[in-house]
Amino acid sequence: MPIQQSEVLYTAVATAENGRDGRVATDDGQLDLVVNPPKEMGGNGAGTNPEQLFAAGYSACFQGALAVVARQEGADVSGSTVTAKVGIGKNDDGFGIIVEISAEIPTVDVATARSLVEKAHQVCPYSKATRGNITVTLV
């Protein structure tokens with residue numbers, strides 16, 4: 001169920017200039033980056049790109065969800081990392097993205113790690129936002 005405007009705790013604000021070949025910055029100045037298409041898409045690759053920014057946000061959010069789930073389960077996920085790989089390619093109506101999420105959790109066995117990752121995928125706001133819209137694979 002979507003949240004209501006009255007339930008919003010924080011709103012991030014970012015503005016882009018010149019789309020994929022320009023600049024993106026947040027209103028508080030914490031993020032101010034040159035964006036360029038990657039070389040694989042005909043760009044110069046000199047700056048970051050929207051897929052890298054999405055991967056960074058998704059991996060950070062997923063890591064937070066993993067920590068929440070671990071606390072609920074009484075599991076230790078200290079020293080863990082989450083990696084998001086975001087791919088972009090052509091589809092029937094232009095372009096689309098796919099995501100692969102992997103987690104390294106050295107403090108638990110493989111079965112527990114898998115269970116924690118699957119539960120994190122259910123509560124992560126990025127996972128909720130993308131569910132049914134793009135392919136997200138947990139590895």
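**Close-up views of a predicted model**

**Figure 1. Strands β1, β2 and β3 of the predicted model form an open sheet.** Strand β1 and strand β2 (residues 22-26) run antiparallel and are joined by four bridges. From one strand to the next, the twist averages 15°.

**Figure 2. The protein as a whole contains three helices and six strands.** Along the sequence, these elements follow the pattern β-β-β-α-β-β-α-α-β. A box of roughly 45 × 35 × 30 Å, taken along the principal axes, is filled by the C-alpha atoms of the protein. The protein has 139 residues, of which 29% count as buried. Among contacts between residues at least 6 apart in sequence, 46% join residues at least 24 apart.

**Figure 3. Strands β4, β5 and β6 form an open sheet with mixed pairing.** The three strands are arranged in the order β4-β5-β6. Strands β4 (81-91) and β6 (135-138) stand at the edges, and because each has a single partner strand, one side of each is left without a neighbour in the sheet. The twist in this sheet averages 15° from one strand to the next. Between β4 and strand β5 (residues 94-104), the pairing is antiparallel and extends over 11 bridges. Within this pairing, Thr 81 has Glu 104 in β5 as its bridge partner.

**Figure 4. Helices α1 and α2 are shown with the sheet of β4, β5 and β6.** Helix α1 (residues 50-73) lies across β4, β5 and β6, and runs at about 140° to β4. Helix α2 (residues 110-123) also packs on the sheet, where it touches β5 and β6. The direction of helix α2 makes about 155° with that of β6.

**Figure 5. Val 86 is a buried residue of strand β4.** The relative accessible area of Val 86 is 17%, and Val 86 is therefore classed as buried, since buried means under 20%. Leaving aside residues up to four places away in sequence, Val 86 touches Glu 51, Phe 54, Ala 55, Ile 97, Ile 98 and Val 99. Val 86 and Ala 56 are 30 residues apart in sequence, and their C-alpha atoms are 9.5 Å apart in space.

**Figure 6. Ser 127 is a buried residue of helix α3.** Helix α3 comprises residues 125-130. Ser 127 has a relative accessible area of 0%. When residues up to four places away in sequence are not counted, Ser 127 touches Tyr 58, Phe 62 and His 121.

**Figure 7. The largest pocket holds about 150 Å³ of space.** The residues that line the largest pocket are Met 1, Pro 2, Ile 3, Pro 125 and Lys 128. By class, the lining has four nonpolar residues, no polar residues and one charged residue.

Note on methods. Residues numbered from 1 in each chain as written. Predicted model: local features only at pLDDT ≥ 70, side-chain atom pairs only at ≥ 80, totals over all residues. Heavy atoms only, no water. 1 Å grid on protein atoms, 1.4 Å probe; cavity = no way out; pocket = protein on both sides within 12 Å on 5 of 7 lines; lining within 4 Å. Points joined across faces, edges and corners; volume = space filled by probe spheres on them. Nonpolar A, V, L, I, M, F, W, Y, C, P; charged D, E, K, R; others polar. Helix = DSSP H or I, 4+ residues; strand = E, 2+ residues; numbered from the N terminus. Buried < 20%, exposed > 50% of the residue type's maximum accessible area, 1.4 Å probe, protein only. Contact = heavy atoms within 4.5 Å. Pairing = 2+ DSSP bridges. Axes fitted to C-alpha atoms, helices over the stretch in contact; angles between N-to-C directions.
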